Amino acid sequence: MRISSSAFQNMGSIPALYTCDDADLSPPLAWDDVPNGTKSFALIVDDPDAPDPAAPKMVYVHWVLYDIPAATRSLPEGTTTKTLPEGTRAGPNDFGHKNYGGP
């Protein structure tokens, strides 16, 4: 399985639009090469070297989604709990809420 975003390259910098320094929108995400028999998806967006890559202190969780329907292959920019695919559930992130919270 492979996940990607049209907003930035793999291992690239996340544009400010998707951070708390700007609009704090969730980036567009898409996935493919899904295993046969997949029943649903879970998505955890975490930051393994927060708060500073040069001096990491913790893994910070920015977004938690689960029960994403198996037919779903993408989430558009700016997805919120109000616009999630039907049946998708959101868990709390390290900001203490259930919407995406950018780095």
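Predicted model: local features only at pLDDT ≥ 70, side-chain atom pairs only at ≥ 80, totals over all residues.
1. **The β3/β4 pair.** β3 (40–50) and β4 (58–69) are antiparallel and joined by eight bridges. Within this pairing, Asp-46 stands opposite Val-61 of β4.

2. **Pairings of β2.** β2 spans residues 29–32. Three bridges connect β2 to β1, and the two strands run antiparallel. Here Ser-4 sits opposite Ala-30 of β2. β2 also pairs with β5, again in the antiparallel sense, over two bridges. In that case Leu-29 has Leu-75 of β5 as its bridge partner.

3. **Two faces of β2.** In a regular strand, side chains alternate between the two faces of the sheet. Which residues of β2 lie on the covered face, and which on the uncovered one? Leu-29 and Trp-31 form the covered face. Ala-30 and Asp-32 form the uncovered one.

4. **Nonpolar core.** The largest nonpolar core counts 13 residues. Those with the most contacts inside this core are Trp-31, Leu-43, Trp-63, Leu-65, Ile-68 and Leu-75. β2, β3 and β4 each contribute at least two residues to the core. The largest share, three residues, is from β4.

5. **Leu-43 in detail.** Leaving aside residues up to four places away in sequence, what does Leu-43 touch? The list is Ile-3, Leu-29, Trp-63, Val-64, Leu-65, Ile-68 and Leu-75. Among these, Trp-63, Leu-65, Ile-68 and Leu-75 are also on the list of core residues with the most contacts.

6. **Thr-72.** This residue lies in the loop between β4 and β5 (74–75). Is Thr-72 buried or exposed? Thr-72 counts as buried because its relative accessibility is 12%, under the 20% cut-off. Beyond four places in sequence, Thr-72 touches Trp-31, Phe-41 and Pro-85. Of these contacts, Trp-31 is one of the core residues named above.

7. **Salt bridge.** The count is one. Arg-2 and Asp-32 meet through their side chains, at 2.6 Å from N to O. The pair links distant parts of the chain: Arg-2 is in β1 (residues 2–4) and Asp-32 in β2, 30 residues apart. Arg-2 is partly exposed, with a relative accessible area of 48%. Asp-32 is partly exposed as well, at 28% relative accessibility. Asp-32 belongs to the uncovered face of β2.

8. **Backbone points to check.** Most residues other than glycine have a negative phi, and most peptide bonds are trans.
   - Ala-50 and Pro-51 are joined by a cis peptide bond, with omega about 0°. Pro-51 is placed in the loop between β3 and β4.
   - Asp-33 is not a glycine, yet has a positive phi of about 55°. Asp-33 lies in the loop between β2 and β3. Asp-33 counts as exposed because its relative accessible area is 57%, over the 50% cut-off.
   - Asp-67 is also not a glycine and has a positive phi of about 60°. Asp-67 lies in strand β4. With a relative accessible area of 34%, Asp-67 is partly exposed.

Notes. Residues numbered from 1 in each chain as written. Heavy atoms only, no water. Helix = DSSP H or I, 4+ residues; strand = E, 2+ residues; numbered from the N terminus. Buried < 20%, exposed > 50% of the residue type's maximum accessible area, 1.4 Å probe, protein only. Contact = heavy atoms within 4.5 Å. Core = buried A, V, L, I, M, F, W, Y, C linked by side-chain atoms within 4.5 Å. Salt bridge = Lys/Arg side-chain N within 4 Å of Asp/Glu carboxyl O. Pairing = 2+ DSSP bridges.
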